[in-house]
Each structure stands twice: as C-alpha cells, then as structure tokens.
Amino acid sequence: MNASVENFRATRKACVLVALLSVFSTASAESIVMASTTSTEQSGLFSHLLPAFTKASGIEVKVVAQGTGQALDTGRRGDADVLFVHNQIAEEKFVAEGYGVKRYPVMYNDFVLIGPEADPAGVRGKDIVAALKKLAAANGSFVSRGDKSGTHAAELRYWKDADSDSNKGTGYKECGCGMGPALNMAASSGAYVLADRGTWLNFKNRADLKVLVEGDTRLFNQYGVMVINPAKHPHVKAAEAQQFVDWVVSPAGQAEIAGYKIGGEQLFFPNAGQ
C-alpha cells in the first residue's frame, strides 16, 4: 500500500471520528422548548436572559414565540416543556385544568397606548378607559393584535371597561399578528395600538408614533412561568424545565431580568415571590 492511499484512509477515519463526536455532542446536549409571548422575544429580553441560564445550567432553551393564547395551546398539546406568558387569569385556569404544575410570578412591566404624535382622537393622558372611549367615538384608526395574546386579552378588557367592546369604531382593525408587526402597521398607517413597553422600547420603525397613554394602574402587565405537567404529557422534560423555573425566580435570574436595559431604561421588573 503506497503512502498516498494510507494518508487518504487516515484522513477519512479522522473525518468520520470528528463527525461522530459532533453528533454525539449534539445528541447529548440538554435542551428544553419554551413557548412564550412575542413580547419577551421581540423586546430582546431572551437574547440577554437565556445565555445566562445556559451558562449556569448547561441547558439550552429553544423558544417558540407566540401570543399567550397560542402558547397555552402549545402547552396543552405537550409541544413545549415550559411556558413564559402574561395572562394571569388564563394561566391560573391552565394550572387548575392540570396542564401546568404550578404558576410562578416572574416579572412585570406595563402596557402603553401608542399613537401618532398629533393625536387626532385626543386620547393623550393617563386613563386608558377614557382614551378608548374617545377613540371609539372618533372612529379612530386602531390596530388590534387580534391573536388571543396576553396583550390582546388586556386590550379587550379595556374596551369592555369602556363599554365599547361591541362598538370600537369603524377604524378598528385586527391584524392577527405579533406585537412587532402590529407596531409596524400602526407606524405605516398613523394608527393607535396597545403595546407592551418592552417591545415598544426595542422597536426601531417608530415613524411619528409616541406613547400617549401610560401610568394607569390598569395597564400593569404581569408575567408568569409554568412547567408543563408530566402527568398529562410524560415526554415533557419536567426536571430540566423546573431547573429553568428555579433559576429565573432565583436572585441570579431576577438580577439578569433587572439588568436588561435599552438606552439606560429598564424594560422588565422582577417580582418573583411577591
């Protein structure tokens, strides 16, 4: 056997060994699937938070960003290991139905009503209910997410409080989309839109949109985290998911949440255990 053939075989064996080691490493790496809101993804929080968890635990988190309603449905089907969402009433129902092991509060921020700086409907102020009444009366252009998300659920509660849930004005349109696309639609059409502050602060395509209504206590936006119940779905990686939950509500995880800022402004406020 000549030297060139021996070199070829040695090189081939080395390549096969490297490939096998790569496959083994990938297969042995721990990972979990988290269904979460679009706001936690589009605000940039997860790009900051999840690498810190992976560094601490060795567990990678694969995010499926959806509206909260869709995320809860994903959990009901057992297509995720853990949920990170923001509709407390729906979350508590999810646990009561046996789909989640336990709900843990994690953090909060707030909703804001965004609109064109000129504010043609005259909604500017601190009262979200009064603002929506004015929007309905003026037939103001309003983009609703319309996607059963936590933000959409909050918006519908505010319309109901304004006695306008059945008559939101002719300018009301549902996009069936995430927070980022809804903001883009509002920016391009000069419409009003309800947004979580985190996604708004990370939103670059603002045009002449401004925060017009903020500070109402009804705009409080609480987030919770839950492990999917392995009694319902035995394949769920409940132990690894619980590691994430334990970390995100721990002082280390809470500090990472508090440390995420844009332009010096904090986007989310940790409140685990409160």
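User: Hi! Where does Asp-119 sit?
Analyst: Hi! In this predicted model, Asp-119 lies in the loop between strand 4 (100–116) and helix 6 (128–137).

User: Is Asp-119 buried or exposed?
Analyst: Asp-119 is buried: its relative accessible area is 7%, and the cut-off for buried is under 20%.

User: Which backbone nitrogen does its side chain reach?
Analyst: That of Val-123, at 3.0 Å from the side chain of Asp-119.

User: Switching to helix 3. What span should its 13 residues have?
Analyst: At 1.5 Å a residue, helix 3 (residues 45–57) should span 18 Å. Its end C-alpha atoms are 18 Å apart, so expectation and model agree.

User: Nice. Which residues of helix 3 are buried?
Analyst: Leu-45, Phe-46, Leu-49, Leu-50, Ala-52 and Phe-53 are the buried ones. They cover an arc of only 155° around the axis, so they sit on the same side of helix 3.

User: Why would residues a few places apart point the same way?
Analyst: An α-helix has 3.6 residues a turn, so residues three or four places apart point the same way.

User: What's on the face turned away from the buried side of helix 3?
Analyst: That face carries Ser-47 and Lys-55, which are exposed.

User: And what follows helix 3?
Analyst: Gly-58 does, with a positive phi near 80°.

User: Now the aromatics. How many aromatic pairs are there?
Analyst: The count comes to 13 aromatic pairs. One of them is Phe-142 with Trp-159, which is edge-to-face, at 5.5 Å centre to centre and 80° between the planes.

User: Where in the chain are Phe-142 and Trp-159?
Analyst: Phe-142 is in strand 5 (residues 142–144) and Trp-159 is in helix 7 (residues 150–161). They are 17 residues apart, and the pair links distant parts of the chain.

User: Are those two buried or exposed?
Analyst: Both Phe-142 and Trp-159 are buried.

User: Which residues do ring pairs link into a cluster?
Analyst: The cluster is made up of Phe-46, Phe-53, Phe-84, Tyr-223, Phe-244, Trp-247 and Phe-268.

User: Last one: which charged ends sit over the rings of Tyr-99 and Tyr-172?
Analyst: The charged end of Arg-76 sits over the ring of Tyr-99, 5.8 Å from its centre. Over the ring of Tyr-172 sits the charged end of Lys-168, 5.1 Å from the ring centre.

Key:
Residues are numbered from 1 along each chain as its sequence is written. This is a predicted model: local features need pLDDT of at least 70, side-chain atom pairs count only at pLDDT 80 or more; totals for chains, interfaces and linings use all residues. Side-chain values use heavy atoms; hydrogens and water are left out. Helices (H or I, at least four residues) and strands (E, at least two) are DSSP runs, numbered from the N terminus. Buried means under 20% relative accessible area, exposed over 50%, partly exposed in between (1.4 Å probe, protein chains only). A polar contact is a pair of N or O atoms within 3.5 Å; within protein, one must be able to donate a hydrogen and the other to accept it, and residues adjacent in sequence count only if both atoms are side-chain atoms. The expected span of a helix is 1.5 Å times one less than its number of residues. The arc is that of the directions from the helix axis to the C-beta atoms. Rings of Phe, Tyr and Trp (its six-membered ring) pair if their centres lie within 6.5 Å; planes under 30 degrees apart count as stacked, over 60 as edge-to-face and the rest as tilted. A charge sits over a ring if NZ of Lys or CZ of Arg is within 6 Å of the ring centre and within 35 degrees of the ring normal.
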